[in-house]
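Trainee: I would like to go through the terms used for this model and see what each one rests on.
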Amino acid sequence: MTTKQIVSTCVYCGAGCQILFTVDTEANRILEATGSEGHSNDGTLCLKGRYGWDFLNDPQILTKRLTSPLLRKNGRQSDLTPVSWDEAVNFVSQRLTDIKKTHGPDSILCTGSARGPGNEANYVMQKFVRACLGTNNVDHCARICHAASVAGLLVSLGSGAMSLSVPEIEEAEVIFNIGYNGPDSHPIVARRIVRARQKGAYIICADPRRTETARIAHKHLQLKGGSNLALANSLAHVIIAENLGDQAFIKDHTKGFDELKKLVQKYTPEYAARITGLNPDEIRATARIYAASKHSVILWGMGVCQFSQGVEVVKALANLGLLTGNFGRRATGVGPVRGQNNVQGACDMGALPNYYPGYQSVTDPAARAKFEAAWGVPLPDKVGLTLTRVPEFVLHPPDKSKQIRAYWIFGEDPAQSDAYLAEMRETLEKLELVIVQDIYMNKTAQYADVILPSTSWGEHDGVYSACDRAFQRIRKLIEPPAGVLTDWEIISRVSTAMGYPMKYRNTEEIWNELINLCPSFKGATYEKLEKLGHIQWPCRSADLSDVGTPFLHRDGNFATKDGKGVFSCAEWQPPVEVENAEYPLTLSTVREVGHYSVRTMTGNCRTLRNLEDEPGWVQMNPKLCNQLGVYHGQLVKISSKRGWCITRCLPTDRVKPDAVYMTYQWWIGACNELTIGSLDPISNTPEYKYCACRVEKIDNQAWAEKYVQNEYQTIRRNMAVTFDRKGGGKAA
Ligand code: SF4
């Protein structure tokens, strides 16, 4: 056996851990993964990092790898048939050209991908959309997670990213976790929180559930779901009322203080207590502890962003840092901890409808002129459509001329991951053209007119951006299956066939083009990345002495136009859909540590797959279980106005009696059958964290068990063996 060892970046979360892989080069298989000394992980890994590479060895547990382009040759109702790359590229380019000609470029929307492909592929996709198609309709799954952080922090601080580095977390003195449970979403970041605690940091956790973070916290604020903004405004109220703020910092480095003071005046702890359900003294104590340190850090995740007031909560959290001068030094600031491995990168690369790469606005004439000169074509000046508005613009467009007709879905699975799945299925059915580019068959791919199979993480080179703005290399570990192409090559071929040639030879060429267009990335060359291991943007010089920027806003100089931090505030509003007589409980979607996203990768890893299986679980308080007469492991029906599914009861006193929680990777216990499609008006992120639901006992458990078995086998058969659009097809 001939083996080699290669270091690469983990594909499973924004912590960006470095992994040392041992590869059997003769068998073209990965043998082992151990922690390597990365800046965020210090040689440690969580279980996904350690065991999550097995899907590359193609054990075919859930689905088979896609290894050939597939096309419905005879229209929408015909089966998917393997075709050559020339035929697939010709089909895609011809259909997109026709749709563009007939309905205009804005009738097409393409996604980037925050998962395996890497920054270069995202750069190429957004360039294709803007320069070849002529629209800014490009977006990706940040829209359903941290888009609120980007939108909110850009207003408050001028930069939408984490202001500090992952290693600095353990140097903090106060860590305020809100809507964030690191042990589930970023175990190695959570380790830093534990270490900080061991060094004496005070840990606060605001979460409706008694999570692992809550269990290690000194103070757990078990607030009511949907009340984050009332809490944040009340903390600001106490800091102002008790004169706990940093007056010099406020005066020299911020603006908008008077408006904030006026708005939060009514958010006394007593007033906020009525909304949050917290004890007013607990709110006061939290504000005092947070304000007392110059190394206070706020970390948040989906429990902040996936609400219809997500952007306002992000701004309200930034207000707390601005009030107390907790910016501009090591181990302080704000941490919107990015979930997926490269969601920071897909944003960095401009897979967003309003930004070119490097957060340069599409409405800024100077930025547009620069990209037009570099790409050699005029570019659209109108902000594009967000992907969460695709259902609206397919099913109920404001007028026919604005209808979305073609959707190129690149490394995403909206038929599993987007809110209100019934509406998403109707959307996919109605679209004139659905292009899916992925490594596995998934629920969305069943609606595809054409499937473009690509290389996976581990089979190509590139760069990812970690949650703390660290560019790090990913490296090819094994040879890909015959018949697949790299993502950037697929997009380049389509672009070339449509008359806008892209002739890249490798990822470094793409990377060099993009960093030369982005001043804050310019110094992060491949050569430097090889030498330094990681570079946190901004990094403006290729000189080796410029190692990047571990923390932002040094000395209170913010990235806004005038360098000032901006206090921005809003009134709390209740969630869009609240409990009622028919649906008396609330549902929130949450993460599970062993699985990643829609589990196409982790579900195909033997060790991880064994941790849990269909139909998943609904977390319920034991009092609620008693009330309904259901017990651990029993199948229950859960429904909302929009749909229903069957899952297993998981009694736990970590949740309150009036709220239930589900993870979103299960095909049968699919919580997004229930979730609501209402969006934050600014970020367009759905309110995944709050809708009204009902749980019912199923008396005939034998029937329910059989239903689950049958559904599972049918879905697996459709995904793994047949390519029949309607399912129920024949074995290959
Ligand atoms: Fe991978 Fe995240 Fe686990 Fe690190 S913490 S090993 S990046 S999944």
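**Sheet and domain interface**

Mentor: Start with serine 465, which faces phenylalanine 471 of strand 20. This is a predicted model, in which local features need pLDDT of at least 70, side-chain atom pairs count only at pLDDT 80 or more, and totals for chains, interfaces and linings use all residues. Residues are numbered from 1 along each chain as its sequence is written, and side-chain values use heavy atoms, with hydrogens and water left out.

Trainee: Why are strand 19 and strand 20 called paired?

Mentor: Pairing requires that DSSP finds at least two bridges between two strands. Strand 19 and strand 20 (residues 470–474) have four bridges, in the antiparallel sense, so the pair meets the definition. Strands here are DSSP runs of E with at least two residues, and helices are runs of H or I with at least four, numbered from the N terminus.

Trainee: What makes strand 19 and strand 21 edge strands?

Mentor: The open sheet has the order 19-20-21. Strand 19 (462–465) and strand 21 (535–536) each have a single partner strand, so one side of each lacks a neighbour in the sheet.

Trainee: What makes the contact between aspartate 54 and arginine 606 a salt bridge?

Mentor: The rule asks for a side-chain nitrogen of Lys or Arg within 4 Å of a carboxyl oxygen of Asp or Glu. Here the closest N and O atoms are 2.7 Å apart, so the pair qualifies. Across the interface of domain 1 and domain 4, one salt bridge is found; the domain bounds come from an automatic or database domain assignment.
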